[in-house]
Amino acid sequence: MKTLNTTLMMLAVCAFAGPAVLTAQQAPQADTTVLEDAEESPWLKVYFGSGSATISPDQAETLDRAVRTFREGDPFVMIVAGGADKVGSPSQNLSLSIERATAVATALTNRGIPIERLQVLGRGNSELQVATPDEVAEEENRIVEISWR
Amino acid sequence: MQRFHHTFCLIASLCPAIGWAQDSGADAFAARDFAGARAIWLAEAAQGSAEAMLGLGLLADRGFGQSRDLDRAFDWYQQAADLGLAEAQFNIAIMHDAGIGRARDASAAQLWYTRAALRDHARAQYNLGLLYETGDGVAANPAVAAHWFDLASPKLPAAAEKSQDLPVGTNAIAAPQILFSEESVAGVEVVWDAAPETSATFLVEALHAPSSNADYDAPFFAQTTAGSGYLVGGVNNALLRVSNLADNDLDYASSQWIAPEGVTPPIGRVTLIVEPEAIGMRDAADIFADQLRSAGYWVRVNDEAPAATRDYYISYGFSSDQLFASEIADYLPAHGEIMPMKQVAAAAYPGEIFVNLSALQ
């Protein structure tokens, strides 16, 4: 567990402007778009409270659902993308989105997803689900999306 | 050292481009030479390699070096799974569970998660625990869920958290329904469905049928588990049965016997205990034994009584066998009505009766 946190945090510090992509490994890169294979990318969403990066118990079911679709084997990659609503500064929100994505990644490794199969990214306030002005608390933007390919 | 490593990686990554042969399918795959990996794995799969079949399944599943083909992926996984490769069994289970490329089939997912779980696949143990915990398409059984979460706990912290919260202990029982059994060189594998909210104590017995008119032996394998499957190593030509035991040890409900072809399972087991010095007792026991055997029971005649049976003429280990014991009592000589007794510390297996002829005197 410590290894995971260390790895993710080391990668996290590198990212403080714009969407930050943290790859836990050099995953197979022939086809890099996240949206391909729509059939198997249901974009599970883990919701967070305002300003929080803690996963609440009622969100654990989503994580369990995610591990029940993820097969064993080298080509599979699970993408964990954190977001934040526009309350607070953009840099704070980028950090928060990374913290949220890291929390979800940790919860997934606790469920047996190998760390090298995970790609973790923080989007901050970019690519929001719901476009809002600054300082608007929007639940749909306080999420970590899980998808896989 | 690091520079050497980088150089080595660079050379390795160039291999497919300059046409060097790869040593293994995995090497070719790692170098992203999918055509090369496929060729090697096809040859190995033809020789019966389950790992190669898994590799071919992964290529088809992700569409590497070919168009994506979930049916073909499933077929390769299935072939590897049938050979006992846990990762492939797990992938088959996932495809059934999540309905990937097919309609969801919770029973099939349950079976294949269990087969992988029996081979120590932690994620299969966890997912099987989730199925039993939530009753998602199968019977909800928290005690069985707790067992599988427990097994996954050392590897998966989430499983350790789950297993703490689940209630265990119930006297409700139901005959386990056998989902799968297979005898192979590795032994016998059996997977069953636990009924909702029943006890998670399952006795797995394996025994050999006696040759005609011979005494039966105690099971050469008898083990309890809180899970929903078992792998019994080094077993062949055995009868196998799974019994759900109530947590108070009073009652049980058994599956049908799984018997090798041509072997008739017993309708019950009866141990006759004689005193070797008592004149005529052995002869009488042999006559009873013949009668019981021709009625379909397995019988043995012993000289020594286990402590739990010593004081009783007819005794049984589980309350569920009271009626069976009364039927046996009707076969046997008695002055007046005989009341079969429950052994205090059960010496009998489910469906086994002890008759201590010297206790009749």
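**Aromatic pairs and a sheet in chain B**

Over all chains, the structure holds twelve aromatic pairs. This is a predicted model, in which local features need pLDDT of at least 70, side-chain atom pairs count only at pLDDT 80 or more, and totals for chains, interfaces and linings use all residues. Residues are numbered from 1 along each chain as its sequence is written, chains are lettered from A and ligands numbered from 1 in the order in which they are written, and side-chain values use heavy atoms, with hydrogens and water left out.

Biologist: Are the rings of B:Phe34 and B:Phe64 stacked or tilted?

Modeller: Rings of Phe, Tyr and Trp (its six-membered ring) pair if their centres lie within 6.5 Å, and planes under 30 degrees apart count as stacked, over 60 as edge-to-face and the rest as tilted. The centres of B:Phe34 and B:Phe64 are 4.6 Å apart and their planes stand at 5°, so the pair is stacked.

Biologist: How many residues apart in sequence are the parts that B:Phe34 and B:Phe64 tie together?

Modeller: Helices (H or I, at least four residues) and strands (E, at least two) are DSSP runs, numbered from the N terminus. B:Phe34 lies in helix 3 (residues 34–46) of chain B, while B:Phe64 lies in the loop between helix 4 (50–62) and helix 5 (70–82) of chain B, so the parts tied together are apart in sequence by 30 residues.

Biologist: Which residue lies over the face of B:Phe64?

Modeller: A charge sits over a ring if NZ of Lys or CZ of Arg is within 6 Å of the ring centre and within 35 degrees of the ring normal. At 5.6 Å from the ring centre of B:Phe64, the residue over its face is B:Arg32.

Biologist: Is B:Tyr216 buried or exposed?

Modeller: Buried means under 20% relative accessible area, exposed over 50%, and partly exposed in between (1.4 Å probe, protein chains only). The relative accessibility of B:Tyr216 is 2%, so this residue counts as buried.

Biologist: Which strands of chain B stand at the edges, each with a single partner strand?

Modeller: Two strands pair if DSSP finds at least two bridges between them, and three strands of chain B form an open, antiparallel sheet in the order 1-2-5. One side of each edge strand is left without a neighbour in the sheet, because each has a single partner, and these are strand 1 (177–184) and strand 5 (229–233).

Biologist: Which residue stands opposite B:Ser184?

Modeller: Strand 1 of chain B runs antiparallel to strand 2 (residues 187–193) of chain B, and seven bridges join them. The residue opposite B:Ser184, in strand 2 of chain B, is B:Gly187.
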